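Welcome! Please take a look at the sequence and the model below, and then we can walk through a few of the places where parts meet.

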Amino acid sequence: MVPSACWNCVLRPRAAATRALLPPSSSAPRVASAPFHSSAAQYAQPAKKKANTQTMMKHRQSMSIRRKKKKPVDRVRPPPVGERKALKKRIVLSNPNALEIEGMADLSAETMSNPSLRGTIMGLPVDKLDQLRAVEAFKPKQSWSLFRRPSTVFRRSTYEMGRLIDQITGDVEGAQQGKVVKKIVTGPKGSGKTVHLLQAMTMAFIKKWVVITVPDARELVSGDTAYSPIEGTNPTQYVQPNATSTLLSRVVKANQDVLAGLRISQQHPALKGLKPGSTLADLAKLGLQDAAVAWPVFQALWTELNATKAAPGVKDEFQPRPPMLVTLDGLAHWMGESVYRAADYTTIHSHDLVFVNHFLSLLTQGQTLGNGGLVLYATSTSNSPSNYSLEVGLDQLAARQEGVKPSSPEYPQPESYSDADPRVMDLFQASMSKDGLLELQTLSGLTRDETRSYVTYFARSGLLREVVNDQLVGEKWSLSGGGVIGELEKVLRRPQLSRPQVATATA
Amino acid sequence: MVFILGVNFPERNLLKKSLENFFGIGNNTSSRLLARFHIHPTCRVSELANKQVLDLTAALSDMRIENDLRREVLNDIKRLKETGTYRGRRHALGLPVRGQRTRTQIKTPVKLNRMERKL
């Protein structure tokens, strides 16, 4: 074996030590300094191991490439429960940077059926905003946060609704007083269906109606809330206690003033905790404390609100009940099987959930609301399952409205082998009798005048820096597919390319 | 923390996923269990009522899961070995049992198929 230190170095250890400290000079070739010097081996790179894995491998070991495992990254603690959802559902109704609009009318008892204000922008009354928030009338994706205060276009359909609400209340002479009007609101995406409901709610609050809303139909059938069967029902019906409790809390929060002024007029033997002479607000609050009784409480509240006279045996004087507004957003979710499963693992049809069934039964014929009111159910296009049966049902409704008889061959029928849901078809059949006809209201684009005031509203709020003239209004109207208000809003809030002003171009 | 069949589950967890922690319960079985006791699919462990916990535990204790199921599987393999079948021999040799090729990709049988198999 060759010694690592040569004789020369051994004899002169101090010199060897200094040399070892020095880095090997790359410029001077090693051969020149010491051709047979074995210390060069010290400076050499360590020999690579032979990449002879084939022979090294054990019998039947895998030949796949071994990758290094990634080190687990330190995770940040997730935000507390409910915070992310709260952030997602946050609604901002005011933007202090936006300009305030002078002279904008508010929606009020006087203005809501004033034909001269048609096509203008009207602010929502500030004192009703809390109530509107309570019934979840505002949706997170609507751009209320662009403007100083929430306001809506007083469209033709809004004006008609205002007049209808006036008539049902009895403030205006008409045959509609105390009647129930049932409508399904449809229309293309962004045509303002949800805002139409919002306007209805605002008007109902102004008229001191009771407002009951289901802001998202999907929540009831998507399997996200507890359910339990009702004993002794055939076919089995299911109750959703937590969802009902939430509904009651919405009702109480939004209609506190009205409900606190009305006393119980019927017998409720099922509710033990209820004292005689308590108000409807107290009644509703029973369901908030205990979700298990939420459904009986809701039923009791419903009979109270629809009562037209006191039950025998109740001493208190009967106070007349106000009309009711019932709204629903996203009807298509309720027209098929739900995500819930029965005990034998078959899916539960949406109509077997008592909550859903109760609200759908309002569409059927007859005076479904004892003291009159408005039932407004809107379809949704942003969150909607495709539902053939509903499409056919709505087509039938439209045909009925145009005067096509069900016996005529032009009357739309589900295609053979299309697997249309018979329960949905029955529902539409039942709601299309002559008495208390269900109506279909289709919203479409704004008119030119409405578009002009909408564009002006953007300009006056400081969002649009252009001269509002016929050309601009026409351009925006066309770009938005004929004044579809959701599209119009997108077009208008888009960052504007700076156009050369006419004045500067000529100068 | 909620005890289901002697196992402690954090309250924030989904009940369906928690049930799937048991050996022998997968997606299908856990969904069916939930349906049987009318529990909605996105239920958290914290939302369970006491009665539901007892019901679930009772149902789970009737089922063949965890060690019972492991023992059953091992017994099945043992039976194959004892009767001297081809499948039993392959189990014992650490080779794939169901006719797969053995030239490559037999990591799993090498790992699992032993004389004294563990589950």
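## Getting started

Two residues are in contact here if their C-beta atoms, placed from the backbone, lie within 7 Å. Helices (H or I, at least four residues) and strands (E, at least two) are DSSP runs, numbered from the N terminus.

This is a predicted model, in which local features need pLDDT of at least 70, side-chain atom pairs count only at pLDDT 80 or more, and totals for chains, interfaces and linings use all residues. Residues are numbered from 1 along each chain as its sequence is written, while chains are lettered from A and ligands numbered from 1 in the order in which they are written.

Let's begin in chain A, where A:Ser157, A:Thr158, A:Met161, A:Gly162 and A:Ile165 of α8(A) meet A:His196, A:Gln199, A:Ala200, A:Met203 and A:Ala204 of α9(A). Sorted by class, this contact has 5 nonpolar, 5 polar and no charged residues. Ala, Val, Leu, Ile, Met, Phe, Trp, Tyr, Cys and Pro count as nonpolar, Asp, Glu, Lys and Arg as charged, and the others, Gly among them, as polar.

Helix α8 (residues 156–169) and helix α9 (residues 193–206) of chain A pack at an angle of about 30 degrees, and their axes are 10 Å apart. That makes α8(A) roughly parallel to α9(A), a term for angles under 35 degrees. Axes are lines fitted to C-alpha atoms, for helices over the stretch in contact, and angles run from 0 to 180 degrees between N-to-C directions.

## One face of helix α20

Which residues of helix α20 (residues 485–493) of chain A are buried? They are A:Ile485, A:Gly486, A:Leu488 and A:Leu492. Buried means that 20 or more other C-beta atoms lie within 10 Å of the residue's own, with C-beta atoms placed from the backbone.

Seen down the axis of α20(A), the buried residues fall within an arc of 160 degrees, so they line one face of the helix. The arc is that of the directions from the helix axis to the C-beta atoms. These buried residues pack against β3 (151–153), α18 (448–460) and α19 (470–479) of chain A.

## Where chain A meets chain B

The contact takes 17 residues from chain A and 13 residues from chain B. On the side of chain A that touches chain B, β6 (228–229) and β9 (337–341) each supply at least two residues. The largest share of that side, 3 residues, comes from β9(A). By class, the side of chain A that touches chain B has 10 nonpolar, 4 polar and 3 charged residues.

Definitions and conventions: Buried ≥ 20, exposed ≤ 12 C-beta atoms within 10 Å, placed from the backbone. Parallel < 35°, antiparallel > 145°, perpendicular 65-115°, else oblique.
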